[in-house]
Amino acid sequence: MAGFFTSRLFFVSLALVIIAATLPLYVSGYVLGLLTVAFYFGVFAMAWDLLFGFAGEVNFGPTFLIGVGAYTAGILNAQFGWSVYLCIVLGALASVIAGLVLALPALRVRGPYFGLTTLVAVLMLQNFIVVFADLTGGEIGLTIPDVITISAGANYWIALGFMTISAAILYGLSQSPVGLVLQASGQDPVQAGALGFNIVKHKLAAFIVSAFFSGLSGALLVFYFGTASVGTVVDVAVGVNVIVSAVLGGRRTVLGAALGAIFLIVAGEFLRPTGELATFIVSAVALLVVLFFPGGFLGAALSREARS
Amino acid sequence: MRAFQILIDGFAISALYALGATGFTLIFGVSGVLNLSHGAIMVAAAVAAWAAASVLNVGTYAGALIGVGVALLAAFATYFAVVKPIQDSRRIPNEEKEIFVLTGTLLWGIMIQELIAYFFTNNAKTVLPIVEGVVEILGVRTPKNEIFTAIVCCLVIALLWLLVNRTRTGKAVLAASMNPRGVTLLGLELTNIYIVVWAIYGILAGVAGVLLGMFLGVSSYSVGPLTASAFSIVVLGGLGSVSGSLIAAFVVGYLETLTAYLVSPAYRTIPALLLLVFVMYIRPQGLLGRR
């Protein structure tokens with residue numbers, strides 16, 4: 001851990017955060033809004049990477065955790081008028097409970113079967129939202145009366161601060177002894193268990209941490225958008241974006257996942273003039289990265305550094 | 001009256017699901033690949049058949065053939081451009097190939113979907129049916145096309161059964177699904193077997209796609225739900241078990257039809273999802289799956 005503070009990665013990240021923090025002084029509100037969303041997405045991707053890259057659990061439904069957090073916060077605020085901060089905390093807690101429920105089958109089944117359970121969880125949540133439209137706003141979405149702040153700059157700083165703190169915690173966790181045990185139990189559960197580590201406990205912990213950050217980020221995003229809808233926080237396509245971000249940035253790096261998410265959202269915006277082809281181009285680039293640089297952006301950069 | 005209607009409609013939908021899911025499960029059983037571009041390939045087949053028949057006016061039969069041909073090409077493209085490079089890659093650790101194949105085919109599916117949306121718009125398209133008109137069966141007015149769909153599905157599945165169980169190639173495919181290493185030791189080239197399987201898959205997905213286009217119509221939005229339904233049917237039946245998928249397809253097809261008729265079309269997919277979750281908890285390997 002001590003080595004990290006003197007490594008090049010630390011200084012590069014620090015420099016990037018400092019540069020990013022000064023952005024509101026000279027770029028337009030439009031760019032800030034884009035990056036704000038990208039930062040929340042970065043947290044989604046990092047939380048996903050903790051589960052996949054370290055615990056070895058392929059979660060096809062990151063939006064189940066995100067959606068539960070986002071909708072809990074949104075409903076409590078819109079229907080009961082509770083204060084924003086209370087709603088955000090409760091949203092994150094609801095997401096942790098959802099993560100525990102999701103983790104139960106994970107401790108029984110492996111590989112594609114677990115992947116499917118998580119996918120089904122998302123479809124169930126989506127159906128639930130549509131069926132209980134009175135409470136959730138259904139397909140149209142839920143309008144949320146309160147926002148944290150309306151200043152683009154303040155929203156941007158909140159998102160940046162949140163992402164930086166989350167990144168520090170998640171990265172620290174992944175490099176800690178707990179992270180190593182997680183990685184071992186993801187790669188060879190039998191051997192890790194034989195070494196005396198409680199795999200169930202560690203995986204459960206990974207789920208809780210991942211769910212907490214997904215839910216918190218989802219709740220914050222809802223209060224930034226001022227609306228919660230299936231298309232923005234629950235849809236399978238959103239989950240796909242989270243997964244693609246993590247794989248693109250470099251799995252098992254945590255920080256790479258955030259880079260991947262920012263790239264994905266900014267690239268999608270740059271390609272807007274190409275109209276409907278934008279998604280095609282982003283997917284094609286992502287596919288090429290998956291095929292030719294399976295380590296992702298950060299994976300490629302780190303291995304080059306290790307070689308030199 | 002209504003019971004017969006559910007029976008007949010349910011059968012056609014189930015047969016279509018069965019056909020769509022069979023190819024999907026075959027590929028998994030033989031090469032361990034979960035092809036998430038499945039829905040996109042089916043839609044590509046239907047849209048190609050629609051474009052050939054309605055825009056180029058080549059006739060319904062030729063249109064259907066072109067649709068199946070496009071699916072075949074798309075299946076080969078999926079294998080050679082996405083799946084094979086990942087399987088052969090030395091930079092991807094073996095235990096992570098599964099997630100890479102999933103991500104790769106998913107992205108590939110999105111690419112196909114976006115191309116379809118770009119060139120043919122997002123509008124729903126209905127392929128001109130090969131047979132038209134309606135008949136009365138047991139007092140239910142049934143489109144002939146629905147009967148045609150059910151018959152073709154059953155025929156194709158029967159042909160597949162014959163191919164797998166009665167021909168040399170089919171037996172090689174079956175052997176590869178049981179023990180790939182054993183097959184190579186017998187002097188058979190595994191890659192050739194995979195190519196055969198992807199060809200079978202392409203034809204199955206193509207026929208299913210074209211029939212779906214005639215029966216219900218498709219749009220580029222159907223890609224996700226189609227992949228998801230094939231995925232859940234296959235998992236319900238047991239990954240890699242063809243007979244399990246057939247049973248599961250009928251269970252899901254009838255559950256959906258029952259819900260749509262008796263409760264509300266809006267809740268159509270919910271009971272099947274609940275059943276799926278239930279099965280995952282009780283019997284994670286599916287109805288007929290192997291661990």
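Let's start with Ile208(A), which is partly exposed, having 16 other C-beta atoms within 10 Å. On the cut-offs: a residue is buried with 20 or more other C-beta atoms within 10 Å of its own, exposed with 12 or fewer, and partly exposed in between, the C-beta atoms being placed from the backbone. Ile208(A) sits in helix α10 (residues 199-225) of chain A. Helices here are DSSP runs of H or I with at least four residues, strands are E runs of at least two, and both are numbered from the N terminus. Ile208(A) is 113 residues from Ser95(A) in sequence, but 8.5 Å from it in space, C-alpha to C-alpha. Setting aside neighbours within four places in sequence, Ile208(A) is in contact with Val96(A), Gly99(A) and Leu100(A). Contact means that the two C-beta atoms, placed from the backbone, lie within 7 Å.

A quick word on the model, friends. It is a predicted one, where local features need pLDDT of at least 70 and side-chain atom pairs count only at pLDDT 80 or more, while totals for chains, interfaces and linings use all residues. Residues are numbered from 1 along each chain as its sequence is written, and chains are lettered from A and ligands numbered from 1 in the order in which they are written.

Staying in chain A, have a look at Val254(A). Its phi is near 60°, a positive value in a residue other than glycine. Where does Val254(A) lie? In the loop between α12 (236-249) and α13 (255-270) of chain A. Val254(A) is buried, with 29 other C-beta atoms within 10 Å.

Now to the place where the two chains meet. Chain B gives 36 residues to the contact and chain A gives 32 residues. On the chain B side, the elements giving two or more residues are α3 (60-88), α4 (97-120), α9 (223-237) and α11 (270-282). Which of them supplies the largest share? That is α4(B), with 14 residues. By class, this side of chain B has 26 nonpolar, six polar and four charged residues. For the classes, Ala, Val, Leu, Ile, Met, Phe, Trp, Tyr, Cys and Pro count as nonpolar, Asp, Glu, Lys and Arg as charged, and the others, Gly among them, as polar.

Axes are lines fitted to C-alpha atoms, for helices over the stretch in contact, and angles run from 0 to 180 degrees between N-to-C directions. Under 35 degrees counts as roughly parallel, over 145 as roughly antiparallel, 65 to 115 as roughly perpendicular, and the rest as oblique. The α2(B) and α9(B) crossing is right-handed. A crossing is left-handed if the near helix is turned anticlockwise from the far one by less than a right angle, and right-handed if clockwise. Among the residues making this contact are His38(B) and Met42(B) of α2(B), and Leu226(B) and Thr227(B) of α9(B). The contact of α2(B) with α9(B) divides into six nonpolar, four polar and no charged residues.

With α3(B), the axis of α2(B) again comes within 7 Å, and the crossing is at roughly 145°. This crossing, too, is right-handed. Residues of α2(B) including Ile41(B), Ala45(B) and Ala49(B) meet residues of α3(B) including Gly63(B), Ile66(B) and Val70(B). The class count for α2(B) with α3(B) is 16 nonpolar, three polar and no charged.

And α4(B)? Here α2(B) packs at an angle of about 25°, with the axes 9 Å apart. That makes α2(B) roughly parallel to α4(B). The crossing of α2(B) and α4(B) is left-handed. Taking part are, among them, Val43(B) and Val47(B) of α2(B), and Ile112(B), Ile116(B) and Phe120(B) of α4(B).

Finally, the core. The largest nonpolar core has 201 residues, and Leu16(B), Ala44(B), Ala45(B), Ala46(B) and Ala49(B) touch the most other members. Such a core is a set of buried Ala, Val, Leu, Ile, Met, Phe, Trp, Tyr and Cys residues joined through C-beta atoms within 7 Å. Beyond four places in sequence, the residues touched by Ala49(B) include Val127(B), Val210(B) and Gly213(B). Ala49(B) and Leu211(B) are 162 residues apart along the chain, with their C-alpha atoms separated by 9.8 Å. Leu211(B) lies in helix α8 (residues 190-215) of chain B and is buried, with 31 other C-beta atoms within 10 Å.
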